[in-house]
Amino acid sequence: MPKKKTGGTKIEEELCWEYPNIAEKAPEQIKKAAEFAEGYKHFLSVCKIERECVNYAEAALVEAGYERFDPAKKYKAGDRVYDVNRGKSILATVFGTRDIRDGVRINGAHIDSPRLDLKPNPVYEKDEIAYFKTHYYGGIRKYQWGTIPLAMHGVIVRKDQTKANFNLGEDPGDPVFYISDLLPHLAAKQNQRPLSEGLKGEELNIIIGSTPYPDEDVREPFRLQVLKILNEKYGITERDFARAEIEMVPADKPRDVGLDRSLVGAYGQDDKVCAYPALIAQLETKNPAFTTVTVLTDKEEIGSLGNTGLHSDYVRNYITALCENQGADAKEVFANSACLSADVNSAYDPTFSDVFEKKNASYLNHGVVLTKYTGARGKSGSSDASAEYMAKVIDIMDRAGVYWQIGELGAVDAGGGGTIAQFVAMMNIDVVDLGVPVLSMHSPFEITSKLDLYNTYLAFKAFYEAED
Ligand code: MN
Ligand code: MN
(Lines give C-alpha, C1' and ligand atoms only; values in the text may rest on other atoms or scores of the structure.)
(Ligands and ions follow the chains in the order given, each with its own letter.)
Protein backbone atom coordinates (compact mmCIF):
# COMPACT_ATOMS: atom_id res chain seq x y z
CA MET A 1 0.00 0.00 0.00
CA PRO A 2 1.50 3.36 -1.01
CA LYS A 3 1.59 5.79 1.84
CA LYS A 4 -1.22 8.32 1.82
CA LYS A 5 0.07 11.74 0.86
CA THR A 6 -0.28 14.48 3.42
CA GLY A 7 -1.05 18.04 2.29
CA GLY A 8 2.58 18.97 2.82
CA THR A 9 4.08 16.17 0.74
CA LYS A 10 1.66 16.94 -2.10
CA ILE A 11 2.68 20.59 -2.16
CA GLU A 12 6.31 19.52 -1.81
CA GLU A 13 5.93 17.37 -4.92
CA GLU A 14 4.42 20.27 -6.83
CA LEU A 15 6.86 22.98 -5.76
CA CYS A 16 10.19 21.33 -5.10
CA TRP A 17 12.47 19.76 -7.69
CA GLU A 18 15.33 17.32 -7.64
CA TYR A 19 16.95 15.91 -10.76
CA PRO A 20 16.28 12.17 -10.67
CA ASN A 21 18.60 9.21 -11.17
CA ILE A 22 17.61 7.91 -14.60
CA ALA A 23 18.01 4.25 -13.65
CA GLU A 24 15.34 4.77 -10.97
CA LYS A 25 13.00 6.86 -13.07
CA ALA A 26 13.40 5.22 -16.48
CA PRO A 27 14.99 1.78 -16.09
CA GLU A 28 13.89 0.97 -19.65
CA GLN A 29 16.70 3.25 -20.86
CA ILE A 30 19.45 1.08 -19.37
CA LYS A 31 19.46 -1.41 -22.23
CA LYS A 32 19.24 1.24 -24.95
CA ALA A 33 22.04 3.21 -23.33
CA ALA A 34 24.24 0.11 -23.12
CA GLU A 35 23.68 -0.57 -26.84
CA PHE A 36 24.50 3.02 -27.76
CA ALA A 37 27.66 2.83 -25.67
CA GLU A 38 29.00 -0.07 -27.74
CA GLY A 39 29.31 2.18 -30.81
CA TYR A 40 30.81 4.86 -28.62
CA LYS A 41 33.46 2.54 -27.20
CA HIS A 42 34.43 1.47 -30.70
CA PHE A 43 34.73 5.13 -31.72
CA LEU A 44 36.97 5.80 -28.71
CA SER A 45 39.16 2.81 -29.50
CA VAL A 46 39.93 4.00 -33.05
CA CYS A 47 39.83 7.78 -32.44
CA LYS A 48 42.43 8.72 -29.87
CA ILE A 49 43.46 12.03 -31.49
CA GLU A 50 41.77 14.80 -33.46
CA ARG A 51 43.05 13.69 -36.89
CA GLU A 52 41.65 10.19 -36.34
CA CYS A 53 38.29 11.66 -35.27
CA VAL A 54 38.15 13.76 -38.44
CA ASN A 55 38.95 10.75 -40.61
CA TYR A 56 36.30 8.67 -38.84
CA ALA A 57 33.66 11.40 -39.12
CA GLU A 58 34.46 12.12 -42.77
CA ALA A 59 34.14 8.43 -43.68
CA ALA A 60 30.80 8.19 -41.83
CA LEU A 61 29.47 11.34 -43.51
CA VAL A 62 30.52 10.25 -47.00
CA GLU A 63 28.99 6.83 -46.37
CA ALA A 64 25.73 8.59 -45.42
CA GLY A 65 25.72 10.54 -48.70
CA TYR A 66 27.29 13.81 -47.58
CA GLU A 67 29.41 15.66 -50.13
CA ARG A 68 32.14 18.21 -49.65
CA PHE A 69 30.57 21.68 -49.57
CA ASP A 70 30.90 23.37 -52.97
CA PRO A 71 30.02 27.08 -52.96
CA ALA A 72 29.39 26.92 -56.71
CA LYS A 73 26.44 24.56 -56.20
CA LYS A 74 23.00 25.64 -55.07
CA TYR A 75 21.73 23.57 -52.16
CA LYS A 76 18.14 22.93 -51.11
CA ALA A 77 16.37 21.49 -48.06
CA GLY A 78 17.58 18.00 -47.22
CA ASP A 79 20.95 18.39 -48.99
CA ARG A 80 23.92 17.22 -46.94
CA VAL A 81 27.38 18.75 -47.00
CA TYR A 82 30.56 18.80 -44.93
CA ASP A 83 33.91 20.55 -44.86
CA VAL A 84 37.27 19.74 -43.28
CA ASN A 85 39.68 22.27 -41.81
CA ARG A 86 43.31 21.15 -42.17
CA GLY A 87 42.53 17.56 -41.26
CA LYS A 88 41.88 18.50 -37.62
CA SER A 89 38.36 19.95 -37.52
CA ILE A 90 35.25 18.96 -39.43
CA LEU A 91 31.86 20.59 -40.07
CA ALA A 92 28.66 18.92 -41.27
CA THR A 93 25.31 20.30 -42.39
CA VAL A 94 21.83 19.25 -43.47
CA PHE A 95 19.96 22.12 -45.07
CA GLY A 96 16.64 22.81 -43.34
CA THR A 97 13.19 23.42 -44.72
CA ARG A 98 13.00 26.85 -43.08
CA ASP A 99 14.69 29.89 -44.57
CA ILE A 100 18.28 30.04 -43.35
CA ARG A 101 17.52 33.62 -42.22
CA ASP A 102 15.65 32.03 -39.31
CA GLY A 103 19.05 30.91 -38.06
CA VAL A 104 21.05 27.69 -38.00
CA ARG A 105 21.30 25.11 -35.20
CA ILE A 106 24.90 24.52 -34.22
CA ASN A 107 26.28 21.71 -32.09
CA GLY A 108 29.97 22.06 -31.34
CA ALA A 109 32.15 19.49 -29.56
CA HIS A 110 35.93 19.22 -29.40
CA ILE A 111 38.01 16.25 -30.48
CA ASP A 112 41.38 17.17 -28.98
CA SER A 113 42.18 15.81 -25.51
CA PRO A 114 44.93 16.40 -22.96
CA ARG A 115 48.07 14.42 -23.79
CA LEU A 116 51.86 14.52 -24.11
CA ASP A 117 53.17 15.98 -27.38
CA LEU A 118 56.69 15.23 -28.53
CA LYS A 119 59.04 18.20 -28.50
CA PRO A 120 60.38 19.21 -31.94
CA ASN A 121 63.76 17.63 -31.13
CA PRO A 122 62.64 14.76 -28.91
CA VAL A 123 65.15 11.90 -29.18
CA TYR A 124 67.93 11.57 -26.62
CA GLU A 125 69.72 8.99 -24.56
CA LYS A 126 70.78 9.05 -20.93
CA ASP A 127 72.76 6.37 -19.15
CA GLU A 128 71.99 3.68 -21.73
CA ILE A 129 68.27 4.33 -22.22
CA ALA A 130 66.76 6.11 -25.23
CA TYR A 131 63.93 8.58 -24.61
CA PHE A 132 61.48 11.02 -26.16
CA LYS A 133 61.22 14.48 -24.59
CA THR A 134 57.60 15.65 -24.27
CA HIS A 135 55.68 18.84 -23.71
CA TYR A 136 52.23 18.33 -22.23
CA TYR A 137 49.15 19.62 -24.07
CA GLY A 138 46.17 20.84 -22.07
CA GLY A 139 45.56 20.58 -18.36
CA ILE A 140 46.99 17.38 -16.95
CA ARG A 141 47.91 16.21 -13.47
CA LYS A 142 51.42 15.16 -14.40
CA TYR A 143 51.84 12.50 -11.73
CA GLN A 144 48.98 10.51 -13.33
CA TRP A 145 50.96 9.92 -16.54
CA GLY A 146 53.80 7.85 -15.10
CA THR A 147 53.88 4.05 -15.11
CA ILE A 148 51.09 3.56 -17.66
CA PRO A 149 51.41 2.16 -21.19
CA LEU A 150 51.46 4.90 -23.82
CA ALA A 151 50.78 4.79 -27.55
CA MET A 152 52.26 6.96 -30.28
CA HIS A 153 49.84 8.73 -32.65
CA GLY A 154 50.16 11.47 -35.22
CA VAL A 155 52.07 12.44 -38.29
CA ILE A 156 55.58 13.27 -39.47
CA VAL A 157 55.99 15.09 -42.78
CA ARG A 158 59.14 13.98 -44.57
CA LYS A 159 61.46 16.30 -46.49
CA ASP A 160 59.72 15.36 -49.77
CA GLN A 161 56.34 16.36 -48.20
CA THR A 162 55.11 12.78 -47.97
CA LYS A 163 53.66 11.76 -44.62
CA ALA A 164 54.44 9.04 -42.13
CA ASN A 165 51.31 8.33 -40.07
CA PHE A 166 51.74 6.83 -36.63
CA ASN A 167 49.35 4.61 -34.71
CA LEU A 168 51.69 2.49 -32.63
CA GLY A 169 50.87 0.83 -29.32
CA GLU A 170 47.20 0.04 -29.89
CA ASP A 171 47.34 -3.47 -31.39
CA PRO A 172 48.06 -6.26 -28.88
CA GLY A 173 51.24 -7.09 -30.83
CA ASP A 174 52.55 -3.49 -30.78
CA PRO A 175 55.16 -2.22 -28.35
CA VAL A 176 54.06 0.53 -25.96
CA PHE A 177 55.97 3.42 -24.39
CA TYR A 178 56.49 4.38 -20.79
CA ILE A 179 57.32 7.10 -18.25
CA SER A 180 59.09 5.75 -15.17
CA ASP A 181 58.52 6.78 -11.56
CA LEU A 182 60.40 6.00 -8.38
CA LEU A 183 59.88 2.89 -6.31
CA PRO A 184 58.40 3.68 -2.86
CA HIS A 185 61.59 2.43 -1.20
CA LEU A 186 63.54 5.37 -2.62
CA ALA A 187 60.76 7.95 -2.85
CA ALA A 188 61.14 9.58 0.57
CA LYS A 189 62.51 12.81 -0.92
CA GLN A 190 60.10 12.85 -3.87
CA ASN A 191 57.22 12.30 -1.45
CA GLN A 192 57.93 15.69 0.08
CA ARG A 193 57.11 17.42 -3.19
CA PRO A 194 53.66 19.00 -3.65
CA LEU A 195 51.35 16.73 -5.67
CA SER A 196 51.51 19.12 -8.65
CA GLU A 197 55.23 18.28 -8.86
CA GLY A 198 54.96 14.56 -8.18
CA LEU A 199 56.30 14.23 -11.69
CA LYS A 200 57.65 17.49 -13.11
CA GLY A 201 57.23 18.60 -16.73
CA GLU A 202 60.82 17.75 -17.61
CA GLU A 203 60.46 14.35 -15.97
CA LEU A 204 57.75 13.27 -18.42
CA ASN A 205 60.39 11.48 -20.50
CA ILE A 206 59.25 8.49 -22.48
CA ILE A 207 61.32 5.31 -22.71
CA ILE A 208 61.67 4.19 -26.34
CA GLY A 209 64.61 1.79 -26.30
CA SER A 210 67.51 0.23 -24.45
CA THR A 211 69.62 -1.47 -27.13
CA PRO A 212 72.83 0.13 -28.43
CA TYR A 213 73.75 0.38 -32.08
CA PRO A 214 76.51 -2.24 -32.40
CA ASP A 215 79.50 0.02 -33.11
CA GLU A 216 81.71 1.25 -30.30
CA ASP A 217 82.78 4.33 -32.28
CA VAL A 218 79.22 5.72 -32.27
CA ARG A 219 78.90 8.62 -29.83
CA GLU A 220 75.30 7.89 -28.73
CA PRO A 221 74.51 4.29 -29.73
CA PHE A 222 71.16 4.05 -27.88
CA ARG A 223 69.83 7.16 -29.58
CA LEU A 224 71.14 5.93 -32.92
CA GLN A 225 69.51 2.54 -32.54
CA VAL A 226 65.98 3.95 -32.12
CA LEU A 227 66.59 6.38 -34.98
CA LYS A 228 67.68 3.46 -37.14
CA ILE A 229 64.47 1.55 -36.33
CA LEU A 230 62.37 4.65 -37.09
CA ASN A 231 64.24 5.11 -40.35
CA GLU A 232 63.73 1.50 -41.42
CA LYS A 233 60.06 1.42 -40.49
CA TYR A 234 58.95 4.94 -41.40
CA GLY A 235 61.64 6.39 -43.66
CA ILE A 236 62.32 9.30 -41.32
CA THR A 237 65.42 10.89 -39.81
CA GLU A 238 65.87 12.88 -36.62
CA ARG A 239 65.53 16.17 -38.49
CA ASP A 240 62.01 15.16 -39.62
CA PHE A 241 60.70 15.55 -36.06
CA ALA A 242 60.74 19.29 -36.73
CA ARG A 243 57.90 18.64 -39.22
CA ALA A 244 55.75 16.56 -36.91
CA GLU A 245 52.76 16.39 -34.64
CA ILE A 246 53.26 13.29 -32.52
CA GLU A 247 50.92 12.78 -29.58
CA MET A 248 51.58 10.24 -26.84
CA VAL A 249 48.32 8.98 -25.35
CA PRO A 250 47.28 6.16 -23.00
CA ALA A 251 47.36 2.83 -24.81
CA ASP A 252 44.37 1.42 -22.91
CA LYS A 253 41.19 0.33 -24.66
CA PRO A 254 37.76 1.57 -23.52
CA ARG A 255 36.24 -0.70 -20.90
CA ASP A 256 32.98 -1.13 -19.04
CA VAL A 257 33.44 -0.11 -15.41
CA GLY A 258 31.55 -1.63 -12.48
CA LEU A 259 29.85 -4.95 -11.87
CA ASP A 260 26.69 -3.51 -13.41
CA ARG A 261 28.62 -2.20 -16.45
CA SER A 262 26.89 1.15 -16.03
CA LEU A 263 30.01 3.23 -16.70
CA VAL A 264 32.53 3.63 -19.49
CA GLY A 265 36.21 4.07 -18.66
CA ALA A 266 38.52 5.37 -21.37
CA TYR A 267 41.06 8.00 -22.33
CA GLY A 268 39.89 11.14 -24.15
CA GLN A 269 36.23 11.14 -23.18
CA ASP A 270 36.55 14.92 -22.73
CA ASP A 271 35.21 15.67 -25.22
CA LYS A 272 34.69 12.65 -27.43
CA VAL A 273 31.77 11.69 -25.20
CA CYS A 274 30.01 14.70 -26.77
CA ALA A 275 31.64 14.50 -30.22
CA TYR A 276 30.35 10.97 -30.85
CA PRO A 277 26.66 11.60 -30.04
CA ALA A 278 26.93 14.93 -31.91
CA LEU A 279 28.09 13.08 -35.03
CA ILE A 280 25.40 10.41 -34.66
CA ALA A 281 22.68 13.03 -34.16
CA GLN A 282 23.88 14.84 -37.29
CA LEU A 283 23.89 11.61 -39.31
CA GLU A 284 20.38 10.68 -38.15
CA THR A 285 18.85 14.11 -38.82
CA LYS A 286 17.32 13.85 -42.29
CA ASN A 287 14.83 16.66 -42.88
CA PRO A 288 15.23 19.29 -40.17
CA ALA A 289 13.36 22.60 -40.04
CA PHE A 290 16.54 24.51 -39.21
CA THR A 291 19.80 24.05 -41.11
CA THR A 292 22.20 22.10 -38.89
CA VAL A 293 25.89 22.75 -38.33
CA THR A 294 27.81 20.08 -36.42
CA VAL A 295 31.31 21.20 -35.51
CA LEU A 296 33.99 18.80 -34.29
CA THR A 297 36.82 21.14 -33.41
CA ASP A 298 40.45 21.05 -32.36
CA LYS A 299 42.47 23.02 -29.80
CA GLU A 300 39.80 23.49 -27.11
CA GLU A 301 42.15 22.12 -24.47
CA ILE A 302 44.62 24.94 -25.04
CA GLY A 303 42.05 27.72 -25.09
CA SER A 304 40.70 27.20 -28.63
CA LEU A 305 43.64 29.19 -30.06
CA GLY A 306 45.10 28.24 -33.43
CA ASN A 307 43.46 28.04 -36.85
CA THR A 308 41.79 24.67 -36.19
CA GLY A 309 40.23 25.92 -32.92
CA LEU A 310 37.08 27.95 -32.32
CA HIS A 311 39.04 31.17 -31.85
CA SER A 312 39.76 30.95 -35.59
CA ASP A 313 37.24 32.27 -38.10
CA TYR A 314 36.80 28.90 -39.77
CA VAL A 315 33.33 28.24 -38.33
CA ARG A 316 32.22 31.81 -39.03
CA ASN A 317 33.49 31.49 -42.60
CA TYR A 318 31.76 28.16 -43.14
CA ILE A 319 28.37 29.42 -41.90
CA THR A 320 28.85 32.62 -43.93
CA ALA A 321 29.43 30.47 -47.02
CA LEU A 322 26.20 28.53 -46.26
CA CYS A 323 24.37 31.87 -45.97
CA GLU A 324 25.80 33.20 -49.23
CA ASN A 325 24.77 29.94 -50.89
CA GLN A 326 21.20 30.61 -49.75
CA GLY A 327 21.35 34.32 -50.60
CA ALA A 328 21.13 35.42 -46.97
CA ASP A 329 23.02 38.01 -44.93
CA ALA A 330 25.24 36.09 -42.50
CA LYS A 331 24.89 38.71 -39.77
CA GLU A 332 21.12 38.24 -39.78
CA VAL A 333 21.57 34.46 -39.67
CA PHE A 334 24.03 34.59 -36.75
CA ALA A 335 21.67 36.76 -34.71
CA ASN A 336 18.91 34.16 -35.10
CA SER A 337 21.09 31.09 -34.59
CA ALA A 338 21.29 28.79 -31.59
CA CYS A 339 24.24 26.72 -30.42
CA LEU A 340 24.93 23.95 -27.98
CA SER A 341 28.52 24.10 -26.85
CA ALA A 342 28.73 20.35 -26.39
CA ASP A 343 31.31 19.84 -23.68
CA VAL A 344 31.69 17.84 -20.50
CA ASN A 345 31.27 18.93 -16.92
CA SER A 346 32.82 17.55 -13.75
CA ALA A 347 30.73 14.81 -12.19
CA TYR A 348 30.24 15.03 -8.45
CA ASP A 349 32.81 12.80 -6.75
CA PRO A 350 31.71 11.49 -3.32
CA THR A 351 35.34 10.89 -2.34
CA PHE A 352 36.29 14.52 -2.97
CA SER A 353 32.95 16.13 -2.14
CA ASP A 354 34.38 19.35 -0.69
CA VAL A 355 35.20 20.91 -4.08
CA PHE A 356 31.55 20.63 -5.12
CA GLU A 357 28.43 22.47 -4.00
CA LYS A 358 25.98 19.62 -3.85
CA LYS A 359 22.83 21.41 -4.95
CA ASN A 360 24.51 22.72 -8.10
CA ALA A 361 26.80 19.84 -9.00
CA SER A 362 26.11 17.39 -11.84
CA TYR A 363 25.79 13.71 -11.00
CA LEU A 364 26.55 10.49 -12.83
CA ASN A 365 23.36 8.89 -14.17
CA HIS A 366 21.27 12.07 -13.78
CA GLY A 367 21.42 12.96 -17.47
CA VAL A 368 22.96 15.48 -19.79
CA VAL A 369 24.28 18.57 -17.96
CA LEU A 370 23.11 22.03 -18.91
CA THR A 371 25.90 24.35 -17.75
CA LYS A 372 24.64 27.94 -17.78
CA TYR A 373 28.11 29.37 -17.26
CA THR A 374 31.66 28.13 -16.77
CA GLY A 375 34.64 30.40 -16.04
CA ALA A 376 36.49 31.06 -12.80
CA ARG A 377 35.99 33.36 -9.79
CA GLY A 378 33.21 35.84 -10.70
CA LYS A 379 32.26 33.91 -13.88
CA SER A 380 35.38 35.36 -15.52
CA GLY A 381 36.05 33.88 -18.96
CA SER A 382 32.51 32.58 -19.29
CA SER A 383 29.63 33.01 -21.68
CA ASP A 384 26.71 33.17 -19.28
CA ALA A 385 23.61 31.94 -21.15
CA SER A 386 20.52 34.14 -20.92
CA ALA A 387 17.36 33.09 -19.10
CA GLU A 388 15.52 33.19 -22.42
CA TYR A 389 17.97 30.86 -24.14
CA MET A 390 18.00 28.50 -21.15
CA ALA A 391 14.20 28.43 -21.43
CA LYS A 392 14.38 27.56 -25.11
CA VAL A 393 16.86 24.69 -24.69
CA ILE A 394 15.06 23.30 -21.62
CA ASP A 395 11.77 23.40 -23.50
CA ILE A 396 13.25 21.46 -26.43
CA MET A 397 14.61 18.79 -24.06
CA ASP A 398 11.46 18.57 -21.95
CA ARG A 399 9.27 18.08 -25.01
CA ALA A 400 11.53 15.25 -26.19
CA GLY A 401 11.61 13.57 -22.78
CA VAL A 402 15.36 14.02 -22.34
CA TYR A 403 16.79 13.54 -18.86
CA TRP A 404 18.86 16.63 -18.09
CA GLN A 405 20.33 18.29 -15.04
CA ILE A 406 21.99 21.59 -14.23
CA GLY A 407 25.58 21.73 -13.10
CA GLU A 408 28.33 24.12 -12.12
CA LEU A 409 31.94 23.06 -12.67
CA GLY A 410 32.56 23.13 -8.91
CA ALA A 411 32.00 25.20 -5.77
CA VAL A 412 32.53 28.97 -6.04
CA ASP A 413 36.26 29.79 -6.07
CA ALA A 414 37.22 26.09 -6.02
CA GLY A 415 38.71 26.46 -9.50
CA GLY A 416 37.27 26.92 -12.96
CA GLY A 417 37.49 26.27 -16.65
CA GLY A 418 36.23 27.32 -20.05
CA THR A 419 34.77 25.90 -23.24
CA ILE A 420 34.16 27.01 -26.83
CA ALA A 421 30.98 28.84 -25.73
CA GLN A 422 32.65 32.25 -25.44
CA PHE A 423 33.94 32.05 -29.02
CA VAL A 424 30.52 31.10 -30.38
CA ALA A 425 29.05 34.03 -28.44
CA MET A 426 31.53 36.33 -30.23
CA MET A 427 29.59 35.60 -33.43
CA ASN A 428 26.43 36.98 -31.78
CA ILE A 429 24.92 33.51 -31.50
CA ASP A 430 22.93 32.23 -28.50
CA VAL A 431 24.96 29.50 -26.84
CA VAL A 432 24.96 27.31 -23.76
CA ASP A 433 27.13 24.41 -22.62
CA LEU A 434 25.50 21.00 -22.68
CA GLY A 435 27.28 17.69 -22.22
CA VAL A 436 28.17 14.65 -20.17
CA PRO A 437 29.39 14.67 -16.55
CA VAL A 438 32.85 13.08 -16.26
CA LEU A 439 34.61 11.58 -13.25
CA SER A 440 38.43 12.02 -13.13
CA MET A 441 38.31 14.44 -16.06
CA HIS A 442 41.63 14.94 -17.92
CA SER A 443 43.10 11.79 -16.37
CA PRO A 444 44.45 8.98 -18.55
CA PHE A 445 41.29 6.95 -17.84
CA GLU A 446 38.14 9.04 -17.48
CA ILE A 447 34.72 7.75 -16.38
CA THR A 448 31.28 8.53 -17.82
CA SER A 449 27.82 6.99 -17.44
CA LYS A 450 26.14 5.23 -20.33
CA LEU A 451 22.77 6.73 -19.37
CA ASP A 452 24.24 10.25 -19.47
CA LEU A 453 25.85 9.57 -22.86
CA TYR A 454 22.53 8.26 -24.20
CA ASN A 455 20.57 11.28 -22.97
CA THR A 456 23.17 13.61 -24.46
CA TYR A 457 22.54 11.94 -27.80
CA LEU A 458 18.78 12.38 -27.26
CA ALA A 459 19.33 16.06 -26.41
CA PHE A 460 21.35 16.69 -29.58
CA LYS A 461 18.73 14.94 -31.71
CA ALA A 462 15.92 16.91 -30.10
CA PHE A 463 17.84 20.16 -30.72
CA TYR A 464 18.25 19.36 -34.42
CA GLU A 465 14.73 17.99 -34.91
CA ALA A 466 12.87 20.78 -33.11
CA GLU A 467 10.67 22.80 -35.44
CA ASP A 468 10.79 26.00 -33.41
MN1 MN B 1 36.12 19.71 -22.87
MN1 MN C 1 38.93 19.51 -21.12
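Me: What spacing do the donors of the manganese ion (ligand 2) follow along the chain?

Reply: Read the donors in sequence order and count the gaps. In this predicted model, the spacing for ligand 2 is D-x30-E-x140-H. The protein donors are Asp270 (OD), Glu301 (OE), Glu301 (OE) and His442 (NE2). They lie 2.0 to 2.6 Å from the manganese ion.

Me: Where do Asp270 and Glu301 sit in the chain?

Reply: Asp270 is in helix α6 (residues 269-284). Glu301 is in the loop between β13 (291-297) and α7 (314-325). The two are 31 residues apart, and the pair links distant parts of the chain.

Me: Are Asp270 and Glu301 buried or exposed?

Reply: Check relative accessible area; buried means under 20%. Asp270 has 3%, so it is buried. Glu301 has 12%, so it is buried too.

Me: Which parts of the chain do His110 and Asp343 tie together?

Reply: His110 lies in strand β4 (residues 104-110). Asp343 lies in the loop between β14 (338-342) and β15 (345-346). The pair therefore ties together parts that are 233 residues apart in sequence. His110 and Asp343 are both buried.

Me: On to the sheet. In what order do the six strands stand?

Reply: The order is β8-β7-β10-β5-β6-β9. The sheet is open and the pairing is antiparallel. β8 and β9 stand at the edges with a single partner strand each, so one side of each has no neighbour in the sheet. The twist averages 30° from one strand to the next.

Me: How many bridges join β7 to β10, and how many join β7 to β8?

Reply: Count bridges for each pair of strands. Seven join β7 to β10 (residues 244-250), and these strands run antiparallel. Six join β7 to β8, also antiparallel. Then pick out partners. Ala151 has Val249 as its bridge partner in β10. On the β8 side, Met152 stands opposite Leu168, and Val155 stands opposite Asn165.

Me: Why is β7 described as largely enclosed by the rest of the structure?

Reply: Count its buried residues, then check both faces. Eight of the eight residues of β7 (residues 150-157) are buried, so the strand is largely enclosed. Leu150, Met152, Gly154 and Ile156 point one way. Ala151, His153, Val155 and Val157 point the other way. All of these are buried.

Me: How many salt bridges does the structure hold?

Reply: Start from the general idea. Side chains of opposite charge can pair when their charged atoms come close. The structure holds 36 salt bridges. One of them joins Glu245 and Lys88, at 2.6 Å from N to O. Glu245 lies in β10 and Lys88 in the loop between β2 (80-85) and β3 (89-94), so the pair ties together parts 157 residues apart in sequence. Glu245 is partly exposed at 28% relative accessibility, whereas Lys88 is buried at 9%.

Me: Which residue forms a salt bridge with Lys253?

Reply: Take the closest N and O atoms. Lys253 pairs with Glu170, with those atoms 3.3 Å apart. Lys253 lies in the loop between β10 and β11 (255-257), and Glu170 in the loop between β8 and β9, so parts 83 residues apart in sequence are tied together. Lys253 is partly exposed at 35%; Glu170 counts as buried at 9%.

Me: Which residues make the nonpolar surface patch?

Reply: Leu182, Leu183 and Leu186 make a patch of about 280 Å². Leu183 is in the loop between β8 (163-168) and β9 (206-209). At 38% relative accessibility, Leu183 counts as partly exposed.

Methods:
Residues are numbered from 1 along each chain as its sequence is written. Chains are lettered from A and ligands numbered from 1 in the order in which they are written. This is a predicted model: local features need pLDDT of at least 70, side-chain atom pairs count only at pLDDT 80 or more; totals for chains, interfaces and linings use all residues. Side-chain values use heavy atoms; hydrogens and water are left out. Helices (H or I, at least four residues) and strands (E, at least two) are DSSP runs, numbered from the N terminus. Buried means under 20% relative accessible area, exposed over 50%, partly exposed in between (1.4 Å probe, protein chains only). Patches are made of residues with over 30% relative accessible area and no salt bridge: like charges are joined within 9 Å, nonpolar side chains (Val, Leu, Ile, Met, Phe, Trp, Tyr) within 5 Å. Accessible areas come from the Shrake-Rupley method with a 1.4 Å probe; for residues, only the protein chains shown count as cover. A salt bridge is a side-chain nitrogen of Lys or Arg within 4 Å of a carboxyl oxygen of Asp or Glu. Two strands pair if DSSP finds at least two bridges between them. Donors are N, O and S atoms within 2.8 Å of the metal (3.2 Å for Na, K and Ca); water is not among the atoms, so sites may look incomplete. Axes are lines fitted to C-alpha atoms, for helices over the stretch in contact, and angles run from 0 to 180 degrees between N-to-C directions.
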